Amino acid sequence: MAVAGRAFSQDRGSEMPYVAKDRPRIGWIGTGRMGFQLAARLLDAGHDVAVYNRTRAKAEPLTERGAVVVDQPVGLADRDVVFSMVSASPDLEAVTTGPGGVLTSLDAAPGVLVDSSTVSTQMSALMREEAAQRGTDFLAAPVSGNPKVIAAGKLTVAVSGSRTAFDQVEPLLALLGRGVTYVGEGEVARLVKIAHNVLLGVVTQSLAEITVLAEKGGVSRSAFLEFLNESVMGSLYTRYKSPALVNLDFTPTFTMPLLRKDFDLGLSAARELEVPMPLAAATAQLIAGAIGAGHVEEDFAALILEQARNSGITLEAQDIPVDDGLSPHA
């Protein structure tokens, strides 16, 4: 695959395209729980990858796979394709146009900037404009999954922006998981991801409610969820969350404050588009209540604890093996 990066003269006058390469040079910004594993997949596929992370020590282990670690995002400006995966809108702005950002070099800019963060459509549009001024194509490419989903090869990606740029980087995106969907121009991929995460919260709250109902009526959580997962109402997701609900293991994959951020974005979009979302609004209040009760570091599946408390019961871990549908044996 050939991707044309761009180099700039010191006066930022004429542009000189890079010589086309069979394998593009890749940059990766953000090596948290998700970013680390995704960058590792590109390295394991044999790509030349340079990485940046605000806490350098979190990126250093990737050098064992062949990565080069840079001290600032601008150190990736001469890369053909740069991926970014950061926590929120201000972080994306910081690593792109802030001091030392990837788009601040006087001499070079990436050919394509692919952002897989969950940020607002407004920030995404702003970064698209900033990238265009440097001759860089910008793709919004939020992902669905977590580290265990990545390890199972089941990550999915929604992408929006230039179709030409998408076609260029699709082979790279395909290395990240099992499904890459081009959803349209502009920032529509952001709305796809926000809608996805709102559904995630609503489904999890509903799953907590019916599981607590069954438990209070005398049915063990493991038995109820086993029945549910074998029925037509079961899904890969309900099976994946079942071990947490049965054994009360809330090792975080996605925390309650991050979920609240996405609900805020989703409900804001709903107001802007005048789409009533009463179930989402009610779930947002329950998420806020769970955060107020102190569930800030746990996985958001801890919603079941608040549901149980509000129902007048205390849950106990069942401490039994439960198939999550993602483990190699599944």
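Which residues in α10 meet which residues in α11? On the α10 side they are M256, P257, L259, R260, F263 and L267, and their partners in α11 are A280, A281, T283, A284, I287, A290 and I291. Keep in mind as you look around that this is a predicted model.

- The axes of α10 and α11 lie 10 Å apart, and the two helices pack at an angle of about 150°.
- Angles over 145 degrees count as roughly antiparallel, so α10 and α11 are roughly antiparallel to each other.
- Their crossing is left-handed.
- Sorted by class, the residues in the contact of α10 with α11 are 11 nonpolar, one polar and one charged.

**The pair α7 and α8**

- Here the helices pack at an angle of about 125°, and 9 Å separates their axes.
- That angle makes α7 and α8 oblique to each other.
- The crossing in which α7 passes α8 is right-handed.
- From α7, the contact uses L207, I210, T211, A214 and E215, while α8 brings R221, F224, L225 and L228.
- Six nonpolar, one polar and two charged residues make up the contact of α7 with α8.

**The nonpolar cores**

- The largest nonpolar core has 34 residues, and those touching the most other members are L225, M256, F263, I287, F300 and I304.
- Two or more residues come from each of α7 (188-216), α8 (221-230), α9 (236-247), α10 (256-273), α11 (278-292) and α12 (303-310).
- With eight residues, α7 gives this core its largest share.
- Take I304 as an example: setting aside neighbours within four places in sequence, I304 is in contact with A208, T211, V212, R221, L245, F250 and L315.
- Another core, of 33 residues, lies apart from the largest one, and its members include W28, L42, M85 and L155.

**A look at T104**

- You will find T104 in the loop between α3 (89-96) and β7 (108-109).
- Is T104 buried, exposed or partly exposed? Its relative accessible area is 33%, so T104 is partly exposed.
- Beyond its neighbours within four places in sequence, T104 is in contact with V74, T96, T97, G98 and R134.

Conventions: Residues are numbered from 1 along each chain as its sequence is written. This is a predicted model: local features need pLDDT of at least 70, side-chain atom pairs count only at pLDDT 80 or more; totals for chains, interfaces and linings use all residues. Side-chain values use heavy atoms; hydrogens and water are left out. A nonpolar core is a set of buried Ala, Val, Leu, Ile, Met, Phe, Trp, Tyr and Cys residues joined through side-chain atoms within 4.5 Å. Buried means under 20% relative accessible area, exposed over 50%, partly exposed in between (1.4 Å probe, protein chains only). Helices (H or I, at least four residues) and strands (E, at least two) are DSSP runs, numbered from the N terminus. Contact means heavy atoms within 4.5 Å. Axes are lines fitted to C-alpha atoms, for helices over the stretch in contact, and angles run from 0 to 180 degrees between N-to-C directions. Angles under 35 degrees count as roughly parallel, over 145 as roughly antiparallel, 65 to 115 as roughly perpendicular and the rest as oblique. A crossing is left-handed if the near helix is turned anticlockwise from the far one by less than a right angle, and right-handed if clockwise. Ala, Val, Leu, Ile, Met, Phe, Trp, Tyr, Cys and Pro count as nonpolar, Asp, Glu, Lys and Arg as charged, and the others, Gly among them, as polar.
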